[in-house]
Amino acid sequence: MTYEAPKERTMYYGKGDVWVFRSYAKPLTGVKVIPESSFRGRGNVLFGMNIKVAVKGEQFITSFTEGDNSLIVATDSMKNFILRHAADYTGATVEGFLEYASRSFLETYPQMTGVRMSAEQVPFEEIEVGNTSGITASDLVFKYSHNESASAAFVLEREEDSINVAEHQSGVMNLRLIKVKGSSFSGFVRDEYTTLPETSDRPLFIFLNIHWKYTEIEDALDDTRGNYIDAEQIRDIAATVFHENNSPSIQSLIYLIGIRMLQNFSQLAEVSFESNNRTWETIVETVSEGPGSVFTEPRPPYGFQGFSMTREDLTAAQRNEAQQAGRV
Ligand SMILES: O=c1[nH]c(=O)c2[nH]c(=O)[nH]c2[nH]1
C-alpha cells in the first residue's frame, strides 16, 4: 500500500476567539411565523459573536518558507478589522456580518484569495423586571445565556475580478433537550455482544447541532427579503417534534425534525444533524410514592449520529404519506 501526497498544500492563518459585542444593531423583523415557535424577531440591543477567521492566498508561501512577513496582515490586525467593521455593519444577522466582513478583507488585501469566517452568536436573553404597574421585559438589562446558540460559517473566494460565496452554513449549536418519557429503543441487533435491554419507554437526553443551507444565499444575508430563518425557530421545531413523537430512536427523531424544517421553510436546500445520546443513567426506576425516578449523569462512552437531508427527502416522505393514505 502506498500513499500519494496531495498536489495542493494546506496553508492558512487567522484568529480565533474574536469576541464582538455590538449594541443597538438593526432589529430582525419580518420573519415567517411558524406554528412551532413564538419567535417574531429579535431586538438586537445586544448583538454578540465569537468569531474565527482564517485567510488563504498563494502569496503567503514565503511567510512560511522564508520568514518573509512583508505580506502578512497580523492576526492582531485581523481582530481589529473585524471589530471596526462591526461598527459599520447595518444588517441584523450573523450571516450578513460574516459575509460583509469576509468580503471587506478580500477587498482590502489583494494577497488574500479566500476567507473562511465562522461565528457562534452569544445569546442574550430578555429578562423581566417589575414595578407596581406590572412586569415587562427590560430593554436595558439582558441575561448572558449559556444555552444553545446560533452559528454561521462563510467561505468567500476571489475569482478574477469578483468575490463569491463558495460555502455557507447556518446552525444552532449545543441544543440540549431531555424528554422524560415517551421514547423507546428496541428491535436492534441482538447477538453475543448485546447487553442493552430493549426499552419501550425511556427518558431520552440528546445534544444536537443542526445546520442548514439556503437555496438562495441572499436569503441568509438580507433580512429584508423575509426568508431569514432564526436559530430559535429551528430550536422550537426540534422541541415540538420531540414532544409530539414517540420516537423509536434518535436516528428516527432527527429525520422527523429535518422533514419538519423542510416543510416549514421552502427556502431551505439542505439540513444536517449531529446528535449525541446523553441519556441519564437510571438509579431508582420508581420512587416509593411514584411516579418519579432518580437519575445520574451517564458514564462514558456516548453514542452519536450524523445525518443530512435535502428537499428530495421531503418529496419522498410526502409521496410515501400519500401512498399510505391510498391517494396514489
Ligand atoms: O436512539 C438510539 N440509537 C442508537 O443507535 C442507540 N444505540 C444505543 O445503545 N442506544 C441507542 N439509542
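Which residue of β8 does V172 stand opposite? I looked it up, and V172 stands opposite I210.

**Entry 1: ground rules**

I am working with a predicted model, in which local features need pLDDT of at least 70 and side-chain atom pairs count only at pLDDT 80 or more, while totals for chains, interfaces and linings use all residues. Residues are numbered from 1 along each chain as its sequence is written, and side-chain values use heavy atoms, with hydrogens and water left out. I take helices (H or I, at least four residues) and strands (E, at least two) as DSSP runs, numbered from the N terminus.

**Entry 2: the sheet**

I traced an open sheet of eight strands in the order β1-β2-β3-β6-β7-β8-β9-β12, with antiparallel pairing. Two strands count as paired if DSSP finds at least two bridges between them. I noted β1 (13–23) and β12 (303–310) as the edge strands, each pairing on one side only. On average, neighbouring strands of this sheet are turned by 15° against each other, direction ignored. For such angles, axes are lines fitted to C-alpha atoms, for helices over the stretch in contact, and angles run from 0 to 180 degrees between N-to-C directions.

**Entry 3: pair by pair**

I then went through the pairs. β2 and β3 run antiparallel and are joined by nine bridges; N50 stands opposite E120 in β3. Between β3 and β6 I found seven bridges, in the antiparallel sense, and the partner of V115 in β6 is L156. L156 also has a bridge partner in β7, namely V165. β6 and β7 pair over 11 bridges, again in the antiparallel sense. The hairpin of these strands has two residues between them, and E160 there takes a positive phi near 50°.

Next I looked at what lies on the strands. Helix α2 (residues 75–88) lies across β1 and β2 (46–56) and runs at about 25° to β1. Helix α3 (residues 94–108) packs on the sheet and touches β2, β3 (114–122), β6 (149–159) and β7 (162–179). The direction of α3 makes about 30° with that of β6.

**Entry 4: two helices against each other**

How do helix α6 and helix α7 cross? The axes of α6 (residues 250–264) and α7 (residues 311–324) come within 9 Å and cross at roughly 100°. The two are therefore roughly perpendicular to each other, on a scale where angles under 35 degrees count as roughly parallel, over 145 as roughly antiparallel, 65 to 115 as roughly perpendicular and the rest as oblique. The contact (heavy atoms within 4.5 Å) is made by Y255, I259, L262 and Q263 of α6 and R311, D313, L314 and A317 of α7. I sorted the residues of this contact into five nonpolar, one polar and two charged. In that sorting Ala, Val, Leu, Ile, Met, Phe, Trp, Tyr, Cys and Pro count as nonpolar, Asp, Glu, Lys and Arg as charged, and the others, Gly among them, as polar.

**Entry 5: domains**

The protein chain is divided into domain 1 (13–170) and domain 2 (173–324); the bounds come from an automatic or database domain assignment. Taken over C-alpha atoms, 28 Å separate the two centres. I noted 29 residues of domain 1 in contact with 26 residues of domain 2. The area buried between them is about 2600 Å², of which carbon and sulfur atoms give 51%. Buried area is the accessible area (1.4 Å probe) that two parts lose on being put together, summed over both. E36, E148 and H168 supply 26% of the area that domain 1 buries against domain 2, more than any other three residues.

Where is P291 placed? I found P291 in the loop between β10 (281–284) and β11 (294–296). The peptide bond from G290 to P291 is cis, with omega near 0°. Another cis peptide bond joins P300 and P301, with omega about -5°, and P301 sits in the loop between β11 and β12. Last, I checked N44 in the loop between β1 and β2. N44 is not a glycine, yet has a positive phi of about 55°.
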